[in-house]
Amino acid sequence: MRVKISKDWELPESSVTPESDYLSRRQVVKALGLAAASPLLLPSLADAATQGFPTKLNKKYLAPEGRKLTNPRLVISYNNFYEFSTQKDEPRILANRGWKTEPWTLEVGGLVENPLKLDVNALCKEMGLEMRIYRFRCVEAWSMVIPWDGFPLHKLIKKAKPTSKAKFVKFTTFMDKKAGPGFENYPYYNWPYTEGLRMDEAMHELSFLAVGIYGRPMPNQNGAPIRLVVPWKYGFKSIKSIVKIEFTDKQPNTLWNAAAPKEYGFYSNVNPEVPHPRWSQARERVIGAGVLADRIPTLPFNGYEKEVAPLYEGMDLKKHF
Ligand SMILES: Nc1nc2c(c(=O)[nH]1)N[C@H]1C(S)=C(S)[C@@H](COP(=O)(O)O)O[C@H]1N2
Ligand SMILES: [Mo]
């Protein structure tokens, strides 16, 4: 996706070459080696990354202490995107075979005063973009640290003006059988991919709509042109390639909860104390750390406990997993 905000924010021609080629040449990769060592050096990464993309590092969200940013080459080649394939290395290939993610219309509706049909580029222009570095923890017990570019979800919610009846937000991914072989290859899933948040979770400052990574437009395989990032929840809540956001009075059905309700709850907050029925969630494999590296402990709410624990006060998190 090409984000057009003003002339000087336009992307250079080189940015439309395939991500893999481009990233390997990018200064951002060099900067990454430096930045990875210390959060203090991260502003230099942001400077490198902003060349040609309208985003600026929000220094409230830096790399967690002792954690390195994940090599972008891994972020764009180790993916979960079942609309294309259940194999980690295949979305990168299959999502770049003619699937068009621009222009893209995002619909916002349901229990709102202000239903919207938005062009994603225009939305970026209106919202303005910032970069935030978040931990990312998949329910499969691996993790990354990723700089996302986008804007907080609450900015869009305020624009849509949900009514007092709205209690939940439902998100829906694109469904084009010609573009995604997964729809037909895995017919037992309840397509399209849907996800949901409680209203207060959606309004939380950390809930983010991302349109880029590493200061670059979102690669198709990572959920172009716009995807959710909810860093205190397992990765499957961070739904990709969103076409519709709806406000509802009932807890929405979600693809993973429908597929295996005992394994994937609606809340799915990262919780080292609640094992998946088939594996422990106490530790995580850091992608890029090497096969010999030890798994590191998983943190409650993926390290965002201070920020989000108040949302769940009084709730039994073992029951509402
Ligand atoms: N539409 C859609 N969104 C999705 C998925 C998917 O298969 N389809 N996979 C989820 C899972 S399980 C994870 S871990 C993350 C992976 O995001 P990434 O490939 O950008 O790392 O996307 C989530 N969002
Ligand atoms: Mo995941």
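**Buried residues, contacts and bonds**

Q: Why is F301 called buried?
A: F301 has a relative accessible area of 6%. The cut-off for buried is under 20%. The value of 6% falls under that limit, so F301 counts as buried. This is a predicted model, and the residue sits in the loop between β12 (296–297) and α11 (305–308).

Q: What is the phi of F301?
A: Phi of F301 is near 50 degrees. That is a positive value in a residue other than glycine.

Q: How do you know whether S241 is buried or exposed?
A: Look at the relative accessibility, which is 0% for S241. Buried means under 20%, and exposed means over 50%. S241 is therefore buried.

Q: Why does E130 count as buried?
A: E130 has 18% relative accessibility. The limit is under 20%, so 18% qualifies. E130 is found in strand β3 (residues 130–137).

Q: What makes the pair E130 and R132 a polar contact?
A: The two side chains are 2.5 Å apart at this contact. A polar contact needs a pair of N or O atoms within 3.5 Å. The distance of 2.5 Å is within that cut-off, so the pair counts.

Q: Why is N222 called buried, and what does its side chain reach?
A: Its relative accessibility is 4%, which is under 20%, so N222 is buried. The side chain of N222 reaches the backbone oxygen of V75 at 3.0 Å. N222 lies in the loop between β8 (216–217) and β9.

Q: What makes Y214 a buried residue?
A: Y214 has a relative accessible area of 1%. With the limit at under 20%, Y214 is therefore buried. Y214 lies in the loop between β7 (208–213) and β8. Y214 and N71 are 143 residues apart in sequence, and 10.0 Å apart in space, C-alpha to C-alpha.

Q: Which residues are closest to ligand 1?
A: The closest are N79, Y82, E83, R227 and K240. In total, 17 residues surround ligand 1. By class, this shell has 8 nonpolar, 6 polar and 3 charged residues.

Q: How much of ligand 1 does the protein cover?
A: The protein covers 98% of the 540 Å² of accessible area that ligand 1 has on its own. The space taken by ligand 1 is the second largest pocket.

Q: Where are cis peptide bonds found, and at what omega?
A: One runs from E102 to P103, with omega near -5 degrees. Another joins W191 and P192, with omega about -5 degrees. P103 lies in the loop between α5 (91–94) and β1 (105–110). P192 lies in the loop between α8 (182–185) and β6 (194–198).

Definitions and conventions
Residues are numbered from 1 along each chain as its sequence is written. Chains are lettered from A and ligands numbered from 1 in the order in which they are written. This is a predicted model: local features need pLDDT of at least 70, side-chain atom pairs count only at pLDDT 80 or more; totals for chains, interfaces and linings use all residues. Side-chain values use heavy atoms; hydrogens and water are left out. A residue is near a molecule or strand if one of its heavy atoms lies within 4 Å of it. Accessible areas come from the Shrake-Rupley method with a 1.4 Å probe; for residues, only the protein chains shown count as cover. On a 1 Å grid over the protein atoms alone, a cavity is a set of points where a 1.4 Å probe fits but cannot get out, and a pocket is an open set with protein on both sides within 12 Å along at least five of seven lines; lining residues have an atom within 4 Å of a point. A molecule sits in a cavity or pocket if more than half of its atoms lie within 2 Å of its grid points. Ala, Val, Leu, Ile, Met, Phe, Trp, Tyr, Cys and Pro count as nonpolar, Asp, Glu, Lys and Arg as charged, and the others, Gly among them, as polar. Helices (H or I, at least four residues) and strands (E, at least two) are DSSP runs, numbered from the N terminus. Buried means under 20% relative accessible area, exposed over 50%, partly exposed in between (1.4 Å probe, protein chains only). A polar contact is a pair of N or O atoms within 3.5 Å; within protein, one must be able to donate a hydrogen and the other to accept it, and residues adjacent in sequence count only if both atoms are side-chain atoms.
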